[in-house]
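I opened a new page for this protein. I wanted to look up its charged pairs, then its overall makeup.

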Amino acid sequence: MSKVIKWQYSDFFEPRREKLVNLLLSEIIFLKSRLKKLKLNEKTVRIEIALDKLDYLLNTLKDNDTELSDKDFDKVVLIIYKIFQEIVDKLEC
């Protein structure tokens with residue numbers, strides 16, 4: 001029974017660092033697939049820069065094996081949010 005509960009609530013049991021890594025991986029893959037379909041212009045270059053920031057953050061999280069504290073987790077989420085906000089702002093222009 002406990003295996004079923006753990007499987008159903010895997011997000012609850014998953015460490016914070018792994019949640020962020022999985023989030024970043026899925027978003028980077030999605031954005032890169034969409035970026036390939038766009039024509040080259042100033043917007044795509046700026047989006048590529050933001051994707052590089054996400055890649056750097058992802059690699060930093062993957063290389064760090066320690067669990068994130070609440071404060072560090074909040075900081076990383078805020079950084080990710082700001083990068084996504086930057087991408088959205090570039091697309092709206």
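**Salt bridges**

I started with Asp55, which forms a salt bridge with Lys32; their closest N and O atoms are 3.1 Å apart. Asp55 sits in helix H4 (residues 42-63) and Lys32 in helix H3 (residues 16-37), so this pair ties together parts 23 residues apart in sequence. I checked cover too: Lys32 is partly exposed, at 36% relative accessibility.

Next I looked up Glu86. Glu86 forms a salt bridge with Lys53, with 3.2 Å between the closest N and O atoms. Glu86 belongs to helix H5 (residues 70-92) and Lys53 to helix H4, so the pair links parts 33 residues apart in sequence. Glu86 counts as partly exposed at 23% relative accessibility. Lys53 counts as partly exposed as well, at 37%. My count of salt bridges comes to two.

**Overall makeup**

I noted five helices and zero strands. From the N terminus the elements run α-α-α-α-α. Of the 93 residues, 24% are buried. I then took contacts between residues at least 6 apart in sequence: 72% of them join residues at least 24 apart. The protein exposes about 7200 Å², and carbon and sulfur atoms supply 59% of that.

**Confidence**

I kept in mind that this is a predicted model. The average pLDDT is 76, and 80% of the residues score at least 70. Where should I be careful, with pLDDT under 50? Residues 1-8 stay under 50, and the model has two contacts for them beyond four places in sequence. Where pLDDT is low, predicted coordinates should not be read in detail.

Key: Residues are numbered from 1 along each chain as its sequence is written. This is a predicted model: local features need pLDDT of at least 70, side-chain atom pairs count only at pLDDT 80 or more; totals for chains, interfaces and linings use all residues. Side-chain values use heavy atoms; hydrogens and water are left out. Helices (H or I, at least four residues) and strands (E, at least two) are DSSP runs, numbered from the N terminus. Buried means under 20% relative accessible area, exposed over 50%, partly exposed in between (1.4 Å probe, protein chains only). Contact means heavy atoms within 4.5 Å. Accessible areas come from the Shrake-Rupley method with a 1.4 Å probe; for residues, only the protein chains shown count as cover. pLDDT is the predictor's confidence in each residue, from 0 to 100. A salt bridge is a side-chain nitrogen of Lys or Arg within 4 Å of a carboxyl oxygen of Asp or Glu.
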